Amino acid sequence: MTAVFQPFVNIGNGLWALLATAVVWIFGQELAPSVLLAIKTLLLIICIVLPLMICVAYLTLAERKVIGWMQVRIGPNRVTFFGIPWLGGWAQPIADGLKLLVKEIIVPTGANKFLFVLAPIMAIMPALAAWAVVPFGPEAVLANIDAGLLYIMAITSMGVYGIIIAGWASNSKYAFLGSMRSAAQMVSYELAMGFALVCVLMAAQSLNLGEIVRMQQGNYGLLNWFWIPLFPIFLVYLISGVAETNRAPFDVAEGESEIVAGFHVEYSGMAFAVFFLAEYANMILIATMASTMFMGGWLSPVPEALVAAVGLPWLAADGFFWLAVKVSFVLFCFLWFRATFPRYRYDQIMRLGWKVFLPLTILWIVVLGAWMQTPLWVWWSPL
């Protein structure tokens, strides 16, 4: 693989050297390092955000196809690229995006126009900013900060403001009620998710996401991962992530009895689309965080003994491939839940968050603290 990509690496190095020379000539020797650092950071951000937006678009297609398969339906199979038959449906996300792009954004007469436009931005901003500390590989991370887990908790908690502002700025009672339901649900399950992350912090003894992955290394593959000692917390985090993103069966923001779509009922065009971009970006983020903290991140799940017996060394190679497989599995579970479970009542959702998940996470913190003081805790050293 290195030989295949080496020509592209050489081209990239040559272009970067040419750019560095131009920057030095324009800005001088003193400012050139700062300017090059800003350009490099911007390019890395583009390299993260652009593939993420493509994944968000095609996650919508995957959702419609997977749920269609589960419910014995067809799903999108008409929109294609240049009429190629076996690509039926693959251009559907692009067609949907273009349709929303050309639609008019109508601002209600009594709405606060500034906040009405700001709300979608505040909804998607945390979903994108959180990726700055997510490790994609042993050295592949934009900002390798020690407080990465704390940063994730802080930045993702801001997403609720976009939903509240959207409901209030629309000057619609239906949108306001939907935003209040959604905000209460998100805040309730953020508590359970926060305590779940405390358990991960205790197990890994670090807030650095890369270090959390490295603490799950060992000779026994997936048996070294934190999903074993933190299995109840893993389930709590996964289900809370479904509720946090307002996904079925926790999508109480959509008031079925009100015949409206919830907090974004007054939105149209790309302003409407941005809310869904934020929802699906948050789904991918939560799947990535679950894979990183409980399922070993980029680590291979195959034990070394099995690799030696089978004779396939590539199975033991750690890298982005394994992270992508784990994220895809968690996202499949998201879609599976939507196709399987009926929508819960609002009181059931609140009861689950406050009376089940929150006490369970607090109890497991105590159990984990006691467990870690015994010889039975073996997740700090390679097994």
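Reply: The buried residues of helix 8 are covered by parts that include helix 6 (173-204), helix 9 (269-294), helix 11 (320-340) and helix 12 (346-371). Here cover is judged by contact, meaning heavy atoms within 4.5 Å. Helices (H or I, at least four residues) and strands (E, at least two) are DSSP runs, numbered from the N terminus. Buried means under 20% relative accessible area, exposed over 50%, and partly exposed in between, with a 1.4 Å probe and protein chains only.

This is a predicted model, in which local features need pLDDT of at least 70, side-chain atom pairs count only at pLDDT 80 or more, and totals for chains, interfaces and linings use all residues. Residues are numbered from 1 along each chain as its sequence is written, and side-chain values use heavy atoms, with hydrogens and water left out.

Helix 8 covers residues 231-244. Ten of its 14 residues are buried, so helix 8 is largely enclosed by the rest of the structure. The buried residues are Ile-233, Phe-234, Val-236, Tyr-237, Leu-238, Ser-240, Gly-241, Val-242, Ala-243 and Glu-244. At 1.5 Å a residue, helix 8 should span 20 Å, and its end C-alpha atoms are 19 Å apart, which agrees. The expected span is 1.5 Å times one less than the number of residues.

Helix 11, one of the covering helices, has 21 residues and reaches 30 Å from its first C-alpha to its last, close to the 30 Å expected. Its own buried residues are Trp-322, Leu-323, Lys-326, Val-327, Val-330, Leu-331, Cys-333, Phe-334, Leu-335 and Ala-339.

What comes after helix 8? Asn-246 follows helix 8 and has a positive phi, near 60 degrees. The loop between helix 8 and helix 9 also holds Pro-249, and the peptide bond from Ala-248 to Pro-249 is cis, with omega near 10 degrees. Most residues other than glycine have a negative phi, and most peptide bonds are trans.

As for the setting, the protein has twelve helices and zero strands. Its radius of gyration is 23 Å, close to the 21 Å that the globule rule gives for 383 residues, so the protein is as compact as a globular protein of that length. That radius is taken over C-alpha atoms, and the rule is 2.2 Å times the number of residues to the power 0.38. Of the 383 residues in the protein, 44% are buried.
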